[in-house]
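Here is a short briefing to read alongside the structure. It begins with the chain as a whole, then turns to the cavities and a few backbone details.

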Amino acid sequence: MKAKIYSITAVIFLILFFTSCGKKENTTFSIEGKLDHVLPDQQVVLNLPDLQQRKNTPIDTLVINADGTFKSNYELQPGVYLINVYDSVKFHIAANMGDQIKINVPPNFDKKHITIEGSKDTDLLSQYDEYRANLLNETIRKARKVLKEASDNNDEEEIAKASAYLSENVLIYRKKLTEFINANLKNSIALYYTSTRWEGEDELPVLDVLVNNFEQKYPDLRITKLMRERLEGFKSTSIGSVAPEISLPGINGEEQSLFDLRGKYVLVDFWASWCPPCRHEAPVLVNIYNKYKDKGFEIFSVSMDKNEPAWKKASVVDGIIWPNVSNLKGWDDKNSPVHKYEVTDIPNNFLIDPDGVIIAKRLRGEELDKKLSEIIL
């Protein structure tokens, strides 16, 4: 195996990772493959991903022979890995003990036509990807299209209805996706791959059982620890929990604190200028804000932007006049509020009562209006 070390931090991390693998005969898998199109000075790199932090650590550069073949044996923990071919196509595998993974990459580097054999867990990962993509099209993307049309027509009544329709489809999507995971990926290494999509109060009991069972089978794996941390993070921001503090610079550069809004009902809204569904929902939030702002209600927006001019321009265009903060690091900062709140997609929001307790999540349109009308006198 030809190791390529990228930084001192990577060296320390990899030493810890390699030496925690246990007995070699229980932790070895191999990767071999064929590139139908060989390019000079290009590489195939094996990466260890942190799916929650959205970061990849390169751990090996595979040697490509003149005929396009490559092969390496690994003494690594079972886990999910990212293979980067020529920086042209990237795909995940779920490697388990004893796997002899065979990969074929077509000349056009079309991800849809890459074949992977020799790994049951990677097969399950692929089935999950296909199911999720189809379910996403049937539910959330379909509803977002309806919301976009209503927003383009500037029809406030239809925007509110479309927003509520989107909320319904988000719930359907989460429920069905969790059911698929529970039915097909129990104790699979690919379970970690699904953890970026875990969310929802109703799904927590099912996910808790899945992680508990996985811990019993694989107590010492890195991904076991990461999934447990992910689940405990959800519990810390579940309904009934005190919302974590958020203190970041606002549009004018001054620090703004969520805790300073204690005594009011606050909607913590995660959004970004580059997020079409967020932008389409902005008129709904403006209407709701104007309706309840003098009755003890506030919005606290957290932008996932990295581009400051884009953030500021979108804020003006969308009429955001309430507290609106960002560290301009997106998901990259491990201490970002997006990680404290275990947010993996946007738009996303949390409704907090005057004592700072989370009382609802993911409320949109008529659903948010109805909830506020019930609790604000």
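In the protein chain, residues 24 or more positions apart make up 67% of the contacts that have a separation of 6 or more. Do keep in mind that this is a predicted model. The chain carries 11 helices and 15 strands, and 51% of its 377 residues count as buried.

**Overall shape and surface**
- A compact globule with 377 residues would have a radius of gyration near 21 Å, and the 23 Å of the protein chain agrees with that.
- The C-alpha trace spans about 70 × 40 × 40 Å along its principal axes.
- The accessible surface of the chain is about 18,000 Å², and carbon and sulfur atoms hold 50% of that surface.

**The largest cavity**
- Searching the whole structure turns up five cavities of 30 Å³ or more.
- The largest cavity has a volume of about 110 Å³.
- Its lining has 13 residues, and those closest to the centre are D269, W271, C278, A282 and L285.
- Two elements, β11 (265–271) and α8 (276–292), each give two or more residues to this lining.
- The largest share comes from α8, which supplies five residues.
- By class, the lining of the largest cavity holds seven nonpolar, two polar and four charged residues.

**A cis peptide bond**
- I346 and P347 are joined by a cis peptide bond, with omega at about 0°.
- To find P347, look in the loop between α10 (337–340) and β14 (348–352).

**Positive phi outside glycine**
- N154, a residue other than glycine, has a positive phi near 55°.
- N154 sits in the loop between α3 (140–152) and α4 (156–184).
- With a relative accessible area of 60%, N154 is exposed, because the cut-off for exposed is over 50%.
- L328 is also a residue other than glycine with a positive phi, here near 60°.
- The loop between β13 (324–325) and α10 is where L328 is found.
- L328 counts as partly exposed at 24% relative accessibility, since buried would require under 20% and exposed over 50%.

Methods
Residues numbered from 1 in each chain as written. Predicted model: local features only at pLDDT ≥ 70, side-chain atom pairs only at ≥ 80, totals over all residues. Heavy atoms only, no water. 1 Å grid on protein atoms, 1.4 Å probe; cavity = no way out; pocket = protein on both sides within 12 Å on 5 of 7 lines; lining within 4 Å. Points joined across faces, edges and corners; volume = space filled by probe spheres on them. Helix = DSSP H or I, 4+ residues; strand = E, 2+ residues; numbered from the N terminus. Nonpolar A, V, L, I, M, F, W, Y, C, P; charged D, E, K, R; others polar. Rg over C-alpha atoms; globule rule 2.2 N^0.38 Å. Buried < 20%, exposed > 50% of the residue type's maximum accessible area, 1.4 Å probe, protein only. Contact = heavy atoms within 4.5 Å. Areas by Shrake-Rupley, 256 points an atom, 1.4 Å probe, with all protein chains shown as cover.
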